[in-house]
Amino acid sequence: MLIQSSSLPESPFLSIAHVSKVYPTPKGSYTVLQDVNLAIHQGEFICVIGHSGCGKSTLLNMVSGFAQPTQGSVTLQGKPITQPGFDRMVVFQNYALLPWLTAFENVYLGLDSVYPSKSEAEKKAIARDHLAMVGLSDAMDKKPTQISGGMKQRVAIARALATRPQVLILDEPFGALDAITKEELQEELLKIWNDHRCTVLMITHDIDEALFLADRLVMMTNGPAAHIGEIMTIPFPRPRDRTRIMEDPEYYKLRNEALDFLYNRFAHSDA
């Protein structure tokens, strides 16, 4: 189930082609990423995994438009990504909600920016519908300080999805949550994705999370000059059932292959 990163197919939906990222430092140039190639099809769910310092966040920043490659190109539907845009929405690990606004107002604010021509009634209805979709109908008038971490992340997901982005970018969205809340939100995210099928690019440190969520798992080598080491295709049919997957011998085979890549072949070293 492991394939080497190879040449890109024609006209992928989201293309990362021969991308390198170099930062200047007082000691000279520092290459974070080198010759990264990844072709993502429309509606795919891609997880990216690797040790700290392998350039995962740098890669996502280039897809979101917050950073530009030093070499190579990042394109969406054939057009270069040069800046942030509403066609790509990001959900961060730390929620990034405005604390003085309610859950409803946080979602509505994004809609108001993306759809200035829609009526206020339409935008309010969309905001309510998306908060209901993540199970927050009863908490929409609460501020971030009044709700749990899991609920905050639900608001962030609702805010991102309400604008109907072409690409949903998730930067370790469940990393700060307890195990039970994390599994609940993984289930909710899959249900929402099954309904809407936007393209998802997600960073995770959790192999089990990736095997449950993703179509393909992109495994990065260590930095500096990190690149894609291998890409694992995850064969489990959708919709997915966590218990059924974990009873499948193939699950443990794939899990062991990912563990071998991360902790034997590319074990992290601080030396």
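**Notebook: backbone and overall form**

The bond that joins arginine 238 to proline 239 is a cis peptide bond, with omega about 0°.

I note here that this is a predicted model, in which local features need pLDDT of at least 70 and side-chain atom pairs count only at pLDDT 80 or more, while totals for chains, interfaces and linings use all residues. Residues are numbered from 1 along each chain as its sequence is written, and side-chain values use heavy atoms, with hydrogens and water left out.

I then turned to proline 224, which sits in the loop between β10 (216-220) and β11 (228-233). The peptide bond running from glycine 223 to proline 224 is cis, and its omega is near 0°. I reminded myself that most peptide bonds are trans and that most residues other than glycine have a negative phi.

Next I looked up phi. Aspartate 35, although not a glycine, has a positive phi of about 50°, and I located this aspartate in strand β3 (residues 28-40). Its relative accessibility is 42%, so aspartate 35 counts as partly exposed, a class that lies between buried (under 20% relative accessible area) and exposed (over 50%), with a 1.4 Å probe and protein chains only. Arginine 197 is not a glycine either, and has a positive phi of about 50°; I found arginine 197 in the loop between α5 (179-196) and β9 (199-203). With a relative accessible area of 40%, arginine 197 is partly exposed.

I noted that the C-alpha trace spans about 50 × 45 × 40 Å along its principal axes.

I also checked burial, and 49% of the 271 residues count as buried. Among contacts (heavy atoms within 4.5 Å) between residues at least 6 apart in sequence, 70% join residues at least 24 apart.

Definitions and conventions
Helices (H or I, at least four residues) and strands (E, at least two) are DSSP runs, numbered from the N terminus.
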